[in-house]
Amino acid sequence: MKPKMLVLMGGQGVGKGTFSQMLKELHDYVHIEIGGILRSLPKDSEISRIMAKGELVPDEKILEIIKSNIPDKSDKDVILDGFPRTMQQARWLVENYAKIFDIHVIYLDVPEEVMVARIQKRIREGGGRQDDANEQTIKNRLTNFWETTVPVIKWLSTVKEIKFSDIDVTSEVNENFKRIRNALEI
Ligand code: ADP
């Protein structure tokens, strides 16, 4: 049997990080959180400047990072958190990894008002993320999600080689997690 690759997709504040942690308590996944990897890069880099504006980092850089973090020749199950976000990233993922992994895309589906409310809560609770501090940056991230990533999610839902689940995660966290576990049959 092929190892599993869970691809958590969804907009800002939908809980990709929280659900990744909860999944890791159930099973030993390799968790690849692209936003966290990018935030660990030097603060004076071009990438940090792009992130501070809420723009997308160029695909070539993202693909290079993802490639070096996905274990090769391993039977470990993987969680991808925050990737793919563009059509080029998604096509690359399917072309290179659908043969190696059983890919299951989990779309954490919430309306934009819920995303905005959750980002505001994160700011009030003092998460201290540079890209949560500026209103225009938050707007840019949300625009990128709806304009660039939602079409990617729609396309992934049509790809025959992968599984796709659209999960409403507007309830409280344990109920939402139950729905994710049901979809994953774990
Ligand atoms: P959020 O989803 O709340 O915007 P992330 O931590 O996932 O937060 O990402 C932070 C920033 O990192 C994004 O605004 C973007 O600049 C960059 N980034 C993350 N993932 C990708 C990706 N797959 N492609 C391009 N840029 C990305």
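User: Where does the ligand sit?
Analyst: The ligand is in the largest pocket. Keep in mind that this is a predicted model.

User: OK, how many residues surround the ligand, and which are the closest?
Analyst: There are 18 residues around the ligand. Arg39, Glu55, Arg85, Arg129 and Arg141 are the closest.

User: How does that shell divide into nonpolar, polar and charged?
Analyst: The shell around the ligand has 8 charged residues, 6 nonpolar and 4 polar.

User: And which helix gives the most to the shell?
Analyst: That's helix 2, residues 34-39, which puts 4 residues into the shell around the ligand.

User: What's the distance from the Arg39 side chain to an oxygen atom of the ligand?
Analyst: An N or O atom in the Arg39 side chain is 3.0 Å from a ligand oxygen. The side chain of Arg141 also has an N or O atom by a ligand oxygen, at 2.8 Å.

User: What about Gly82, which part of that residue lies 3.0 Å from the ligand?
Analyst: For Gly82 it's a backbone N or O atom, 3.0 Å from a nitrogen of the ligand.

User: So how much of the ligand does the protein bury?
Analyst: The protein buries 96% of the 540 Å² that the ligand exposes when taken alone.

User: Switching topic: where is Asp166?
Analyst: Asp166 is in strand 5, which runs over residues 163-168.

User: Why is Asp166 called partly exposed?
Analyst: Because its relative accessible area is 46%, and partly exposed covers the range between under 20% for buried and over 50% for exposed.

User: And what separates Asp166 from Ala183?
Analyst: Their C-alpha atoms are 9.0 Å apart, with the two residues 17 apart along the chain.

Conventions:
Residues numbered from 1 in each chain as written. Predicted model: local features only at pLDDT ≥ 70, side-chain atom pairs only at ≥ 80, totals over all residues. Heavy atoms only, no water. Near = heavy atom within 4 Å. Polar contact = N/O pair within 3.5 Å; in protein donor to acceptor, adjacent residues only side chain to side chain. Areas by Shrake-Rupley, 256 points an atom, 1.4 Å probe, with all protein chains shown as cover. 1 Å grid on protein atoms, 1.4 Å probe; cavity = no way out; pocket = protein on both sides within 12 Å on 5 of 7 lines; lining within 4 Å. Sits in = over half its atoms within 2 Å of the grid points. Helix = DSSP H or I, 4+ residues; strand = E, 2+ residues; numbered from the N terminus. Nonpolar A, V, L, I, M, F, W, Y, C, P; charged D, E, K, R; others polar. Buried < 20%, exposed > 50% of the residue type's maximum accessible area, 1.4 Å probe, protein only.
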